[in-house]
Amino acid sequence: MGETTLSTDTSFNKELEPGVISNEMLTKAILEQGHKGEAGRLAQLNQLHLETVTVIRLEFQNILKIDHLWVMKNLEVLSLSFNKIDKIENLSRLPKLKELNLSFNFIEKMENLEKLENLRILSLYGNRITRVENVDKLERLVILSVGRNNINTLDGLERLRFLKDLRSLNLAENPIAQDQDKPLRLYLATLLPHLKYYEYVLIRPAERDAGKDKFQRELIDILEHERIEIIERTKAAKERDDEIRLSKSFVEHLNGHQLFESLFQGDPEGAALLSIGAEAVDLKNDYRNEAYSFTQNIYKMGLEQQEKRQAEIELYSRCIRDERKKAQLQGQTIIKNFLESYKSLYKLANDIVGALKGRDLNSKAYNAETEKLLDELNLCKSGFNSLFEDTWHTLMGFEMQLFERTEEGNSTFENTIKEMTNEFIEMAQGQFVLLREAEINFSDALVDTVQQFVTFKAASGQADQLPDALKESLDDKDVISNMAAGMRDQHMQQIDAREDKLITRSRNWVKELCDDLQNSEIKRNRAKVLEITYFLDQHRQSFMSALDEVANKLEV
C-alpha cells in the first residue's frame, strides 16, 4: 500500500465519468489483474465466478460509493485507493477481508469497520479523517496507516491498546503530529507497548522510557478507565468463543442455564405468578435444576456426536486423498510414457523433415529416396496420432473412474452423515420432550400454589396484601389458570423454537457439507479434464509445427 505525496484535493482522472461498482467493472478488473500468459488463457476458458475471487484492485475509477461488493464474499484483499469515496460503508458482508486500502479518497470518518474481524492491514492514508475511532474491535489488525489526514486529537488513540496484534502505525502529517510539547512518537511508544514500528521506523527502548517519564499521568488515567472494560471484553470473548465452538455441535447456549433464563424474559404472566414469594420461587428453582439436567444432556450429546461426525469426515477425507493420490500416480506414469514416446517421434519427425529440405516436393513424381522419406513421415505422424489418442483415452478413463468412485463415495458418506445427524436429533428431541413435561408440571404446581396463597390471604383478611396482578383472581378464579396458560404457551414457544433451531441447523449443515463435496468434485474434475486436454493439445501443436514446412508444400 504505497503512500505518495499526491494531495487528496487533486481531481483524479477528470476525464472519467463517476464510477459505479458493477459486475462489469468487477469482471473487467479481475481479468486485467489476473494471471498472465497461458495461466490467464486457461483461467478465461472457465466461467468467471465473482464469489471465488480473493483479490481485486479498483483504483483510479472515480468511484463515489462503496457498493455491490457483497457478490465477492471470499474477498481477502481490496484496494479502492485513488477514488472519490467519502464514506466507509457496505463492507460488512466481506468477513474474510484481510487487507483494505482506502487511501487517497475523501473519507471523513472511520466507521462501519467492526464486522471485518479478520482484517490485518488497513490504510486510510490521505483522507479527511479528524479522529481515530471505531477500530478497537479489529483485534487481528497488524498494520494501520492513517497518515496525512486531519486528525487533531489524541482522544481515541487509547482504544488502540485493545489491538494486541498491532505492530505498525502511521499517523504522520496530521495536526497532532505537529505538537512539539507532546511528541506523538513518544506518546505512542508508551501508550502501545505491543507496537514495534511508528512511521515504519523501529521504536527504541529509550523512546519507550522517555515516553513513560513524560506521559506517566496520562497513562495511569487510561489504565484506570480501561480496567473494567478489559474484564467485560474478556468475558464477552469467552462467551463468543464458546458460542462458535458449540455452534459446530448445534448446542450453543445449552451449556448452562441460558435456555431456562430466556423463558422468563419478557414474561409478565410468569412474573405475576412468581410474585407471591418463596414457595413459587422454590418451584421455579426446582424447575431450573430439572431443566438444566435436560439441557446438559443435549449439550453433552451434541459434543459427543460432533466428535463422531468429525472423525467420520476426517476418515472420508483421507480416503478421498488416497484415491486422488493413486489416480495422480497412475496419470504420472502415463504422462511419463507419453513424453518418452513423444520425444522419439518428435526427433524422428524433425530428422525426416530435415532430410526433405531442398527437395522438390511440388512435382508429381518423386525419386525413390524422397518417396521413402514421405512414407516414413506418414508413419511417424500416424504413430503420433495413435499415441495421442491412446494417451487421451487412458488419462480420461482414469479421471472418469476417479470421478465415478468419488461420486459413489460421496453418496455413501452423505447417507452415513445423515444417519449420524438424525440419531443426534432423535436423542435431543427426547430431552426436549422431557423439558416440555417439566414445564407442564411446573405450571400446574405453580397454579395450585398461587391459588392456595390467594385463598389463604382472602380467608385471613389480607386480600389487600395480594400483588396487584393477582387481586382480580378474588372475583374470577380462572384468572390464575389463564395467567399460567399464557406463561406456559410462551415458554413452550421458546422451547419449540430452540428445538427447531437445532434440527434445522443440523440438517442444513448436512446439506451444505454434502453440496460442497459434490461441487468441489465437479470443479476438480472439470479442471483436470481441461488440464489433460490442454497438455495433449500443446504437444500436438508442437509436433505438427515440425511438419509445417513439408505440409505447406504437400498434404502429409
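Visitor: Which residues are exposed on the other side of α1?

Guide: First, this is a predicted model, with residues numbered from 1 along each chain as its sequence is written. Local features need pLDDT of at least 70 and side-chain atom pairs count only at pLDDT 80 or more, while totals for chains, interfaces and linings use all residues; side-chain values use heavy atoms, leaving out hydrogens and water. Exposed means over 50% relative accessible area, buried under 20%, and partly exposed in between (1.4 Å probe, protein chains only). On that side of α1, the exposed residues are E24 and K28.

Visitor: And which part of the model covers the buried residues of α1?

Guide: Helix α1 spans residues 23–33, and its buried residues are M25, L26, A29 and I30. Seen down the axis of α1, they fall within an arc of 125 degrees (taken from the directions from the helix axis to the C-beta atoms), so they line one face of the helix. Helices (H or I, at least four residues) and strands (E, at least two) are DSSP runs, numbered from the N terminus. Among what covers that buried set is β1.

Visitor: What covers the buried residues of α4?

Guide: Helix α4 runs over residues 205–214, and E207, R208 and G211 are its buried residues. Looking down the axis of α4, these lie within an arc of 100 degrees, so they line one face of the helix. P205, A206 and D213 are exposed on the other side. The cover over the buried ones includes α3 (184–191), β8 (201–202) and α5 (216–247).

Visitor: What is the volume of the largest cavity?

Guide: A cavity is a set of points on a 1 Å grid over the protein atoms alone where a 1.4 Å probe fits but cannot get out, and its lining residues have an atom within 4 Å of a point. Points are joined across faces, edges and corners, and a volume is the space filled by probe spheres set on them. The structure holds two cavities of 30 Å³ or more. The largest has a volume of about 50 Å³.

Visitor: How many charged residues are in the lining of the largest cavity?

Guide: The lining is made of L160, R161, L163, K164, L166, L192, P193, H194 and L195. Ala, Val, Leu, Ile, Met, Phe, Trp, Tyr, Cys and Pro count as nonpolar, Asp, Glu, Lys and Arg as charged, and the others, Gly among them, as polar. That gives six nonpolar, one polar and, for charged residues, two.

Visitor: How far apart are the C-alpha atoms of S168 and S145?

Guide: S168 lies in strand β6 (residues 168–170) and is buried, with a relative accessible area of 8%. Leaving out residues up to four places away in sequence, S168 touches V142, I143, L144, L195, Y197 and Y200. Although S168 and S145 are 23 residues apart along the chain, their C-alpha atoms are separated by 8.0 Å.

Visitor: What is the phi of F104?

Guide: F104 sits in the loop between β3 (99–101) and β4 (121–123), and it is buried, with a relative accessible area of 0%. F104 is not a glycine, yet its phi is positive, at about 55 degrees.

Conventions. 1 Å grid on protein atoms, 1.4 Å probe; cavity = no way out; pocket = protein on both sides within 12 Å on 5 of 7 lines; lining within 4 Å. Contact = heavy atoms within 4.5 Å.
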